[in-house]
Amino acid sequence: MICNTTTYKVVTVGRSMPLRIRTKPPKRIVNKSSTAENLPEKVKEIIELCIKDKIIPITVNEVLSPTRKHYISECRFIAMYILVVKHGLSDTIVGDLFNRDHSSVIHARETVRGWIEFDKPFRVRFEKVLSEINLLDNQ
């Protein structure tokens, strides 16, 4: 029998003694409905710069979607990396913007660092996107 109370869960198994297990309430409610329409303009511009040179055309909503296709996730990873490293947003905030957890943002940041270090064609594409974002910031 499982009975939920406000902050405790009482679990009884067979004839054994009931156990009171403290359960923590959720720290915050995450809005998991980010779409291109309700993103801040700056974030939308960064995503659009990341997807501009792709051979296969993709949209901002596809970048925000849960798909794991490489050509889409690469754009998502670049945008997350730029928002965290260049613009100083927290992993949690960036995760909320992209419908992801903060650990997904940490993974994206570390993956992009590895790509920059070891993958020369990626580094060239990344530097091009970064220079366009710098031009956009200076205007």
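**Group meeting: core and salt bridges**

Arginine 109 sits in helix 5; helices here are DSSP runs of H or I with at least four residues, strands are E runs of at least two, and both are numbered from the N terminus. Before I go on: this is a predicted model, where local features need pLDDT of at least 70, side-chain atom pairs count only at pLDDT 80 or more, and totals for chains, interfaces and linings use all residues. Residues are numbered from 1 along each chain as its sequence is written, and side-chain values use heavy atoms, with hydrogens and water left out.

Back to arginine 109. The residue is buried, at a relative accessible area of 16%; buried means under 20%, exposed over 50%, and partly exposed in between, with a 1.4 Å probe and protein chains only. Neighbours within four places in sequence aside, arginine 109 contacts Tyr81, Val84, Val85 and Asp91, where contact means heavy atoms within 4.5 Å.

Next, the salt bridges. How many does a search of the whole structure find? There are nine, each defined as a side-chain nitrogen of Lys or Arg within 4 Å of a carboxyl oxygen of Asp or Glu.

One of them joins arginine 113 to glutamate 110, with the closest N and O atoms 2.8 Å apart. Both residues are in helix 5, three residues apart, or about one turn of the helix. Arginine 113 is partly exposed at 38%, and glutamate 110 is partly exposed at 42%. Through shared partners, salt bridges join Asp91, Arg109, Glu110 and Arg113 into one network.

Another pairs glutamate 132 with lysine 52, at 3.2 Å between the closest N and O atoms. Glutamate 132 is in helix 6 and lysine 52 in the loop between helix 1 and helix 2, so this bridge ties together parts 80 residues apart in sequence. Glutamate 132 is buried at 18%, whereas lysine 52 is partly exposed at 48%.

Glutamate 74 and arginine 125 also form a salt bridge, 3.1 Å from N to O. That pair links helix 3 to helix 6 across 51 residues. Glutamate 74 is buried, at 5% relative accessibility; arginine 125 is partly exposed, at 40%.

Of its 32 residues, Ile47 and Phe98 touch the most other members. Helices 1 to 6 each supply at least two residues, and helix 3 gives the largest share, 10 residues. Beyond four places in sequence, phenylalanine 98 touches Ile47, Val63, Leu64, Arg76, Ala79, Met80 and Leu83.

Terms used:
Core = buried A, V, L, I, M, F, W, Y, C linked by side-chain atoms within 4.5 Å.
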